[in-house]
Amino acid sequence: MAKTLPPAAVYNPDNLLDAIIAKLKLKNDAALSRALKVAPPVISKIRHRTLPIGATILLRMHDVSDFSIRELRALMASPKKSGMRSAA
């Protein structure tokens, strides 16, 4: 059975890519593609949500960034924004 994101989460690969760029102190997506040893269009397609983050690239992200797989998966999911404010 395939695991899915929690219902209160929205798939957002930008958070993940930006976190890896920041952790590795890279300048841009082109530098990230070199670090991950993938073609630059792969990163672009992930950012534009036309290509999902597969197991192979997730493992490469883990190898180069030292983020755990759990951390990488958490970075891919951003909480769904609701129009309601907290009562706190």
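User: Where does pLDDT stay under 50?
Analyst: Over residues 82–88, and there the model has zero contacts beyond four places in sequence. A contact is heavy atoms within 4.5 Å, and pLDDT is the predictor's confidence in each residue, from 0 to 100.

User: OK, and what are the ground rules here?
Analyst: This is a predicted model, so local features need pLDDT of at least 70 and side-chain atom pairs count only at pLDDT 80 or more, while totals for chains, interfaces and linings use all residues. Residues are numbered from 1 along each chain as its sequence is written, and side-chain values use heavy atoms, with hydrogens and water left out.

User: What's the mean pLDDT of the protein chain?
Analyst: The mean is 85, with 78% of the residues at 70 or more. Helices (H or I, at least four residues) and strands (E, at least two) are DSSP runs, numbered from the N terminus.

User: Let's stay with α2. Which of its residues are buried?
Analyst: Ala-31, Leu-32, Ser-33 and Leu-36. Buried means under 20% relative accessible area, exposed over 50%, and partly exposed in between (1.4 Å probe, protein chains only).

User: And what covers them?
Analyst: The cover includes α1 (13–24), α3 (40–47) and α4.

User: How about the start of α2?
Analyst: There, a side-chain oxygen of Asn-28 comes within 3.2 Å of the backbone nitrogen of Ala-30.

User: And just after α2?
Analyst: Lys-37 takes a positive phi of about 60° there, and Lys-37 is not a glycine. Lys-37 sits in the loop between α2 and α3 and counts as exposed, at 69% relative accessibility.

User: Why is Asp-66 called exposed?
Analyst: Because its relative accessible area is 63%.

User: Next, Ser-65. Buried or exposed?
Analyst: Buried, with a relative accessible area of 2%. Ser-65 is in helix α4 (residues 55–65).

User: What does the Ser-65 side chain reach?
Analyst: A polar atom of that side chain lies 2.6 Å from the backbone oxygen of Met-61. On the other hand, the backbone nitrogen of Phe-67 lies 3.1 Å from a polar atom of the Ser-65 side chain.

User: Which residues is Ser-65 in contact with, leaving aside neighbours within four places in sequence?
Analyst: Ile-20, Lys-23, Leu-24 and Leu-72.

User: Switching to Arg-47. Why does it count as buried?
Analyst: Because its relative accessibility is 17%. Arg-47 belongs to helix α3.

User: What polar contacts does its side chain make?
Analyst: One with the side chain of Asp-18 at 2.8 Å and one with the side chain of Asp-14 at 3.3 Å. A polar contact is a pair of N or O atoms within 3.5 Å; within protein, one must be able to donate a hydrogen and the other to accept it, and residues adjacent in sequence count only if both atoms are side-chain atoms. Beyond four places in sequence, the contacts of Arg-47 are Asp-14, Leu-17, Asp-18, Ile-21 and Asp-29.

User: Last one: how far apart are Val-10 and Met-76?
Analyst: They are 66 residues apart in sequence, and 8.3 Å apart in space, C-alpha to C-alpha. Val-10 lies in strand β1 (residues 9–11) and counts as partly exposed, at 36% relative accessibility.
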